[in-house]
Amino acid sequence: MVYFCSMLSKSDRTRQFIIEKAAPLFNRQGYAATSLSDLTAATGLAKGGIYGNFSSKDEIAAEAFEYAMNKVREAIRFKMNQHTGAQGKLLAILDFYHNYSSDPLIDGGCPLLNTATEADDHLPFLRERANRIMKEMLGVLEQLVAKGKAEGDFRKEVDEAAEAAFLFAAIEGGIMMSRLRGNPRLLNQVLDMLRERINGYRKNRPARSRNKK
């Protein structure tokens with residue numbers, strides 16, 4: 001990371017610095033409530049220092065969202081890479097979200113949930129990005145269920161598209177409920193139920209018979 005940063009130009013480093021400081025602001029406060037003064041306070045830069053690197057608040061918000069989601073992607077991928085089988089990878093995703101409502105990766109909670117909620121009607125440039133990320137995450141879940149079926153670990157009748165949608169909706173809904181109620185256990189209870197559901201994908205393998213001598 002240090003080597004990579006050293007290769008960036010001064011303007012690129014400044015852009016990256018602004019994005020890193022802006023990401024938790026937008027995630028915690030939302031697009032509408034985040035002002036230029038908030039950005040200058042967080043970065044220590046003057047207005048010209050910010051808008052000399054970005055054309056608008058929209059551009060900063062878009063880049064901040066992408067940055068936040070890249071951090072989430074990397075953390076989930078790290079968890080998943082510790083497992084080889086589809087079931088282990090699916091359970092690793094649930095492990096990532098354990099206590100997520102009270103201890104999120106980016107201050108303010110789930111950037112996808114926050115952005116999708118605020119951008120639904122009046123921020124199409126953010127809505128489009130949130131929709132793309134949602135499709136990407138659904139695709140990962142779908143592929144993992146399909147992988148389990150192809151490897152013979154999951155039952156053939158498990159519908160990967162339906163299960164992916166259910167898992168995604170349950171996780172995001174659990175985060176929303178936990179944050180709204182201020183109770184991390186609500187999300188963790190949802191995750192426990194999803195673990196049971198994923199374990200239920202497995203085939204019922206016949207017990208090995210022992211040869212009597």
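The pLDDT is the predictor's confidence in each residue, on a scale from 0 to 100.

**Figure 1. Overall fold of the predicted model.** The protein contains ten helices and zero strands, giving the pattern α-α-α-α-α-α-α-α-α-α along the sequence. Its C-alpha trace extends over about 85 × 40 × 25 Å along the principal axes. Of the 213 residues, 40% are buried. Among contacts between residues at least 6 apart in sequence, 69% link residues at least 24 apart.

**Figure 2. Confidence along the chain.** The mean pLDDT of the protein is 92, with 93% of residues at 70 or more. Helix α6 (residues 86–96) has the highest confidence, with a mean of 98, whereas helix α1 (residues 2–7) has the lowest, with a mean of 52. In residues 206–213 the pLDDT falls below 50, and this stretch makes zero contacts in the model beyond near neighbours in sequence.

**Figure 3. Packing of helix α2 against helix α3.** The axes of α2 (residues 10–29) and α3 (residues 36–43) lie 9 Å apart and form an angle of about 130°. The two helices are therefore oblique to one another. Their crossing is right-handed.

**Figure 4. Residues at the contact of α2 with α3.** Helix α2 contributes F17, I18, K21, A22, L25, F26 and Q29. From helix α3, the contact includes D38, L39, A42 and T43. By class, the residues of this contact comprise seven nonpolar, two polar and two charged.

Methods:
Residues numbered from 1 in each chain as written. Predicted model: local features only at pLDDT ≥ 70, side-chain atom pairs only at ≥ 80, totals over all residues. Heavy atoms only, no water. Helix = DSSP H or I, 4+ residues; strand = E, 2+ residues; numbered from the N terminus. Contact = heavy atoms within 4.5 Å. Axes fitted to C-alpha atoms, helices over the stretch in contact; angles between N-to-C directions. Parallel < 35°, antiparallel > 145°, perpendicular 65-115°, else oblique. Left-handed = near helix turned anticlockwise from the far one by under 90°. Nonpolar A, V, L, I, M, F, W, Y, C, P; charged D, E, K, R; others polar. Buried < 20%, exposed > 50% of the residue type's maximum accessible area, 1.4 Å probe, protein only.
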